[in-house]
Amino acid sequence: MLFAVTADLIPLYAIYALLFADHGLNAAQISSLFAIWSATSFLLEIPSGAWADTVSRRGLLVLSGALLAAGFAVWTLYPSYLGFAVGFVLWGTSGALRSGTFEALIYDDLHARAAPAGYPRLMGHVRAATESAALAGILVAAPLYAWGGYALVAWSSVAIAAVHTATAALLPTAPKSVSAAEVEQLEDPDGGVEAPDTDAADSDDGVAEQEPDSARPDDGDPTSETRTAEPESSGYLAMLRAGMREALRVRVIRRGVILVALLNGITAFDEYFALLADHAGAGPSLAAILVGVTVAGALAGATLAGRTEGISARVMASALAVAGVLFIGGALLAGSAAGHPGALYVLTAVGFSAVGVAYGIDYNADVIASARLQDAISGPARATVTSVSGFATEMIALLVFVFAAVATTWLSLPVMVALLGVPLLLAAVLVPTWLPRAAAGSDLVPGPAARDSEQL
């Protein structure tokens, strides 16, 4: 939990868009930086996921934290377009190493404890904790800026990122459930994906059983024959193939991957919240508070994930449709404050509150869909499959940034931000048929034997 919390307890998150603007960058240039960030992440997303299936996941998370701290340090020392771009490359690499790796580590650890059904509730708490940390970081940004300007905010962020790196070393080394030798058994001569061995029949809850804990050596054991003990290229490529095939050939997982990517990728709109507040006439301190309102919405959505984990697809679709309307209306209302300075506080408070509610609904849906996707994965390359979803997430985020960069040449910032809420309506249309189903009495979807018939 501490690892996840320190990743988002970063004061710089609240105002780095304003930092860029104050160093002479316009909206199009800032969007291009976001695009560099996203492009770095999606290019490295899948390779890093396969890497996480063959080496120590904890070690990768330590490296991820170090790169995050380095990225913020570059921004602080070289506050120019080039410096910001280099910082985003480092941050993007950090994000790619963490994405999929952390989720797989947690899920495998729960599975080793015979408690995989607790994953959605735990991840809901983790997401809530990270949003609480983000909210705290954002709120503290205001007094830090008042005391020491951007420099104090930035160096505080570097220090917290360093602490985040240290906490990664405290994470458990979750046992891997399948050996690298068994990966080859998943591949048939025609390049398809075979069902798991019949000895690992579906359990009552619909998930293939794994070996008992005592039969699975810890991934830190150098004598182990688990996946982490075989970092050679053959083991890496086998994991990459296994993960890609499961993500692309099994229909329920493929749809789940895309849905999770859409729900998560469209949250790239939060990069423009500070700019929207600035457009409305709010200064850096008030902008940090308004951005904090949206983070509070995400926090509420994540906190409620444990209570809504069994939600039906129809109810989720209706909630996402409402979220789309609230987001579009809230962005336009907040933006209208630019023409009504006397009503700045009222318009921005109501507008950002509506956006925050929409953000929370999307966050809640994302946590639930992500948990059901984890339950649906049956192959050995869990981090790779999760990273395929992360790859698609970054592609969607990149489209958001490209759209924003182009749209701001013709549209006002509030209208552009409002249009970023339209994908919420698209998600509402997809959810009824694309959300993996929860099994009766649990959060689990049908096991691998039931899903073999769904392969294309």
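Student: Does V62 count as buried, partly exposed or exposed, and what is its relative accessibility?

Tutor: Buried means under 20% relative accessible area, exposed over 50%, and partly exposed in between, with a 1.4 Å probe and protein chains only. V62 has 28% relative accessibility, so it counts as partly exposed. A caution on the source: this is a predicted model, where local features need pLDDT of at least 70, side-chain atom pairs count only at pLDDT 80 or more, and totals for chains, interfaces and linings use all residues. Residues are numbered from 1 along each chain as its sequence is written, and side-chain values use heavy atoms, leaving out hydrogens and water.

Student: Where is V62, and what does it touch?

Tutor: Helices (H or I, at least four residues) and strands (E, at least two) are DSSP runs, numbered from the N terminus. V62 lies in helix α4, residues 57–77. Contact means heavy atoms within 4.5 Å. Setting aside residues up to four places away in sequence, V62 touches T165, A168 and A169. Its C-alpha is 8.5 Å from that of H164, 102 residues apart along the chain.

Student: How many helices and strands does the protein have?

Tutor: There are 19 helices and zero strands. Of the 456 residues, 57% count as buried.

Student: Which residues touch the most other members of the largest nonpolar core?

Tutor: A nonpolar core is a set of buried Ala, Val, Leu, Ile, Met, Phe, Trp, Tyr and Cys residues joined through side-chain atoms within 4.5 Å. The largest one here has 112 residues, and Y16, F20 and F72 touch the most other members. A second, separate core has 14 residues, including L61, I106, Y119 and L171.

Student: How do I read a helix's length, say for α14?

Tutor: The expected span is 1.5 Å times one less than the number of residues. Helix α14 (residues 313–335) has 23 residues and should span 33 Å; its end C-alpha atoms are 33 Å apart, which agrees. Among its buried residues are M316, L320 and F327. The cover over its buried residues includes α10, α11 and α15.

Student: And how are α11 and α12 packed: what angle, what distance?

Tutor: Two packed helices are described by the angle between their axes and the distance between the axes. Axes are lines fitted to C-alpha atoms, for helices over the stretch in contact, with angles from 0 to 180 degrees between N-to-C directions. The axes of α11 and α12 come within 9 Å and cross at roughly 135°. Under 35 degrees is roughly parallel, over 145 roughly antiparallel, 65 to 115 roughly perpendicular, and the rest oblique. The pair is therefore oblique. F273, A274 and A277 in α11 meet A287, L290, V291 and T294 in α12.
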